[in-house]
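Colleague: Could we go through this model together? I would like to begin with the sheets.

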Amino acid sequence: MNKLKMLVFDIETAPVLAYVWALKDQNVAVNQIHKDWYVIAWAAKWYGDPASKVIYRDQRGAKNIEDDKAILKDLWKLLDEADIVITQNGKNFDTPKLNARFIMHGMKPPSPYQHLDTYQIVRNAAKFTSNKLEYLTEKLCKKYKKLTHEKFPGFSLWAECLKGNLKAWNEMRRYNKHDVLATEELYTKIRAWVPKNAPQVYPVGKSYMQCGVCGALGLMRAKGYTYTSVSRFRKYVCLGCGKWTNGPREAL
């Protein structure tokens with residue numbers, strides 16, 4: 001059975017520039033904002049595609065760096081095509097930030113999609129020392145671990161990009177694209193832990209011979225049942241990813 005189209009993506013934004021009088025404990029009023037934030041770069045790929053297929057757009061060379069509409073149109077088209085999106089903390093950051101910019105530019109909403117957020121999957125299923133991408137990929141991923149952009153450490157990467165430093169933009173491209181690859185690998189590592197109400201990547205319908213998470217065929221029938229007050233469901237486990245699922249309902 002065909003899987004749904006899953007888009008892994010990550011955005012980078014410019015900082016809000018404001019007038020302040022001190023370094024600590026500042027409450028910045030709206031009239032203190034000098035320049036508001038906007039999207040400076042994004043990277044995305046279809047889940048399962050090779051690493052060479054990562055799509056990247058940024059604001060280098062733009063006549064007005066604050067006008068991000070052109071690069072957002074390209075990402076909007078991908079989101080409009082996606083059935084499911086995969087992000088790291090995207091429910092709290094990437095998606096609402098994008099929606100704000102779409103609204104600012106008078107763009108319509110993309111076609112509705114479901115969201116698999118690796119940050120929330122891990123937070124709800126386990127108690128790691130940290131749920132940040134840097135920590136999780138260091139502990140769980142073998143191929144793609146979050147980069148530290150050593151050439152332009154910390155905030156300097158964003159500051160240099162805003163100054164038009166092409167070396168910084170090249171580093172941003174490497175950093176942003178790698179975040180997408182790291183997020184994809186992280187999701188693959190933890191997908192057996194998605195909650196029961198998470199979207200199924202492989203809509204199995206009434207078939208119980210295919211895993212809805214990884215698509216593996218031939219679920220193993222396990223011992224025991226899951227019970228409700230009026231019925232029971234035989235347990236099945238995927239031999240591919242390890243995800244547990246229930247079979248058809250049986251009356252008690």
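Modeller: Two strands pair if DSSP finds at least two bridges between them. Strands (E, at least two residues) and helices (H or I, at least four residues) are DSSP runs, numbered from the N terminus. This is a predicted model, in which local features need pLDDT of at least 70 and side-chain atom pairs count only at pLDDT 80 or more, whereas totals for chains, interfaces and linings use all residues. Residues are numbered from 1 along each chain as its sequence is written, and side-chain values use heavy atoms, with hydrogens and water left out.

Colleague: How many bridges join S6 to S7, and in which sense do they run?

Modeller: S6 and S7 run parallel and are joined by four bridges. Within this pair, Ile84 has Gln114 of S7 as its bridge partner.

Colleague: What is the strand order of the open sheet with mixed pairing?

Modeller: Its five strands follow the order S5-S4-S1-S6-S7. Strand S5 (55-58) and strand S7 (114-117) are the edges, each pairing on one side only. From one strand to the next, the twist averages 25 degrees.

Colleague: Which strands does H3 lie across?

Modeller: H3 lies across S6 and S7, and its direction is at about 60 degrees to S7. Such angles run from 0 to 180 degrees between N-to-C directions, with axes being lines fitted to C-alpha atoms, for helices over the stretch in contact. H6 also packs on the sheet, touching S1, S4, S5, S6 and S7, and makes about 40 degrees with the direction of S4. Contact means heavy atoms within 4.5 Å.

Colleague: At what angle do the axes of H3 and H6 cross?

Modeller: The axes of helix H3 (residues 118-125) and helix H6 (residues 166-190) cross at roughly 30 degrees and come within 10 Å. H3 contributes Thr118, Ile121 and Val122 to the contact, while H6 contributes Thr183, Leu186, Tyr187 and Ile190. Of these residues, five are nonpolar, two polar and none charged; here Ala, Val, Leu, Ile, Met, Phe, Trp, Tyr, Cys and Pro count as nonpolar, Asp, Glu, Lys and Arg as charged, and the others, Gly among them, as polar.

Colleague: What does Tyr187 touch beyond its neighbours within four places in sequence?

Modeller: Its contacts include Met6, Tyr47, Ile86, Leu116 and Val213. In the largest nonpolar core, which has 45 residues, Tyr187 is among those touching the most other members, as are Met6 and Leu116. H6 gives the most to this core, with ten residues. A nonpolar core is a set of buried Ala, Val, Leu, Ile, Met, Phe, Trp, Tyr and Cys residues joined through side-chain atoms within 4.5 Å, and buried means under 20% relative accessible area (1.4 Å probe, protein chains only).

Colleague: Changing topic, which strands form the antiparallel sheet?

Modeller: That open sheet has three strands in the order S8-S9-S10. Its edges are strand S8 (220-227) and strand S10 (244-251), and the twist averages 30 degrees from one strand to the next.

Colleague: Why is S9 largely enclosed?

Modeller: S9 is largely enclosed by the rest of the structure because five of its seven residues are buried.

Colleague: How many residues lie between the strands of each hairpin?

Modeller: There are three between S8 and S9. The hairpin of S9 and S10 has six, and there Gly242 takes a positive phi near 90 degrees.

How values were computed. Buried means under 20% relative accessible area, exposed over 50%, partly exposed in between (1.4 Å probe, protein chains only).
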